[in-house]
Amino acid sequence: MRLLTHNMLSSNIKGVVNGFPLRIEAEKVVEKTVEMNGEFLKKMFEKIDWKAFVDASWAMGYTELPEEADSSMLDSDEFLNRFHHALLELHLEEGALVCPETGRRFPVNKGIPNMLLHEDEV
Amino acid sequence: MASYKELPRTAQIRLVSSHQEVYEPCDDSFALVDALLADRNNLLEHHPTLCMEIGCGSGYVITSLALILGQEASGINYIATDINPHAVKVTRETLEAHGVGAELIVTDIASGLEERLTGLVDVMVVNPPYVPTPEDEVGVHGITSSWAGGENGRSVIDRILPVADRLLSEKGWLYMVTLTANNPSEICNQMRKKGYASKIVVQRSTEEESLHIIKFWRDLDKEVNESDQSASGFIGSLFALGPLLSYWRGTTSKQKQQK
């Protein structure tokens, strides 16, 4: 699971009001190099919740992102490289996503988060 | 590399992984991928950023879409969900066997994504559980979830459509497999009320079933609007014959894998 996906995921438990962002418990993180596409990064920058993204990158052991960012930084190659790496090249392979409100853990195995709910959570 | 890129590749059956609890690629899967191939030039010009499949099963369709449109270098990210954990695992294997990738999530339709993914999906593909079944078969675990569609095969389709409407971007396109028994003209009318035009991209009739792959898109332009009114009428007349039986129990490609 990429941090891009983490930034799009919320706790889906019935009754939870503030289900975003899910806290990351990382047991195993893998890196996979992919080609960079600046247009993609610029489009996604507008959609990303930056604070959640930075916190998630720290939980994954990557500490190179600035705590705050604005669109003018997209002109910097150094910034784009770091944004690209954190957004698309870091994968949570094993671990869990934790609901910020209830503490319920959604397991992540082989890179796949399981968001299925128990009957009493739907 | 240019000539290589011009050859549309799709997933190869020999590389598609399998599991006894996962629906294997069948006529409906092939029809959906054929629809994507038929619309390939439009899809490439569409320049999608996020593509999504709901109910990825074996991974045959999302893998084919990734092969047709390209990956990160093309600026595209793929997301696929399935309620069946075995299916998501098989999809991962199928993607890896073809050297492509997608973000995978085990979830019911798009549960957990509906808040933050709102309005971001440029292309959505769905081969839903469309087989008419008793309602109590809907939502059962394992391979049953790939075909059991409840009354008129519409129970899950009718839950997916509002989610698709929510997740699709302003320019978003939805490709969905329907069976004649699902009353596709009624689905098109329902989507028209939400502001979508529709057209049949592929129609395929076998002795067992009649499949339509319908493409939906937001109808924002007035001129497009007028021509699509007639397109909508065209669809209406094409579907006029069905469903003759609202509780059709014929064999479909999905039911062939029923145990």
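Reply: Helices (H or I, at least four residues) and strands (E, at least two) are taken as DSSP runs and numbered from the N terminus. The model is predicted, so local features need pLDDT of at least 70 and side-chain atom pairs count only at pLDDT 80 or more, while totals for chains, interfaces and linings use all residues. Residues are numbered from 1 along each chain as its sequence is written, chains are lettered from A and ligands numbered from 1 in the order in which they are written, and side-chain values use heavy atoms, leaving out hydrogens and water.

Me: Cysteines next. How many disulfides are there over all chains?
Reply: The search of the whole structure finds 0 disulfides, a disulfide being a pair of cysteine sulfur atoms within 2.5 Å. Cys188(B) has a relative accessible area of 5% and is therefore buried. Cys99(A) is also buried, at 2%.

Me: Back to α7(B). What does Glu186(B) pair with?
Reply: Glu186(B) forms a salt bridge with Arg154(B), with 2.7 Å between the closest N and O atoms. Arg154(B) lies in the loop between β4 (121-126) and α6 (157-167) of chain B and Glu186(B) in helix α7, so the pair ties together parts that are 32 residues apart in sequence. A salt bridge requires a side-chain nitrogen of Lys or Arg within 4 Å of a carboxyl oxygen of Asp or Glu.

Me: Buried or exposed, in the case of Arg154(B)?
Reply: Arg154(B) counts as buried, at 9% relative accessibility, whereas Glu186(B) is partly exposed at 33%.

Me: Which residue forms a salt bridge with Arg192(B)?
Reply: Asp219(B) does, with the closest N and O atoms 3.2 Å apart. Asp219(B) lies in the loop between β7 (210-218) and α8 (222-238) of chain B and Arg192(B) in helix α7, so this pair ties together parts that are 27 residues apart in sequence. Asp219(B) is buried at 13% relative accessibility, and Arg192(B) is partly exposed at 22%.

Me: Why do such side chains pair at all?
Reply: Side chains of opposite charge can pair when their charged atoms come close.

Me: How many salt bridges over all chains?
Reply: The count comes to 18.

Me: Move to chain A. What does Arg105(A) meet in a salt bridge?
Reply: Its partner is Glu25(A), at 2.7 Å from N to O. Arg105(A) lies in strand β3 (residues 105-109) and Glu25(A) in strand β1 (residues 23-31) of chain A, so the pair ties together parts 80 residues apart in sequence. Arg105(A) is partly exposed at 42%, as is Glu25(A) at 26%. Arg23(A), Glu25(A) and Arg105(A) are linked in a network of salt bridges.

Me: Now aromatics. How many pairs are found over all chains?
Reply: There are 9. Rings of Phe, Tyr and Trp (its six-membered ring) pair if their centres lie within 6.5 Å; planes under 30 degrees apart are stacked, over 60 edge-to-face, and the rest tilted.

Me: Which aromatic cluster includes Phe83(A)?
Reply: Phe45(A), Trp50(A), Phe53(A), Phe79(A) and Phe83(A) form one aromatic cluster. Phe79(A) and Phe83(A) both lie in helix α4 of chain A, 4 residues apart, about one turn of the helix. Phe45(A) is buried at 12% relative accessible area, and Phe83(A) is buried at 0%. The pair of Phe79(A) and Phe83(A) is stacked, 6.0 Å centre to centre with 25° between the planes.

Me: Which ring does Arg116(B) lie over?
Reply: Arg116(B) lies over the face of Phe20(A), at 4.6 Å from the ring centre. The rule requires NZ of Lys or CZ of Arg within 6 Å of the ring centre and within 35 degrees of the ring normal. The charged end of Arg104(A) sits over the ring of Phe106(A), 4.4 Å from its centre.

Me: Finally, how many helices and strands are in chain B?
Reply: Chain B has 8 helices and 7 strands, and buried residues make up 57% of its 259 residues.

Key:
Buried < 20%, exposed > 50% of the residue type's maximum accessible area, 1.4 Å probe, protein only.
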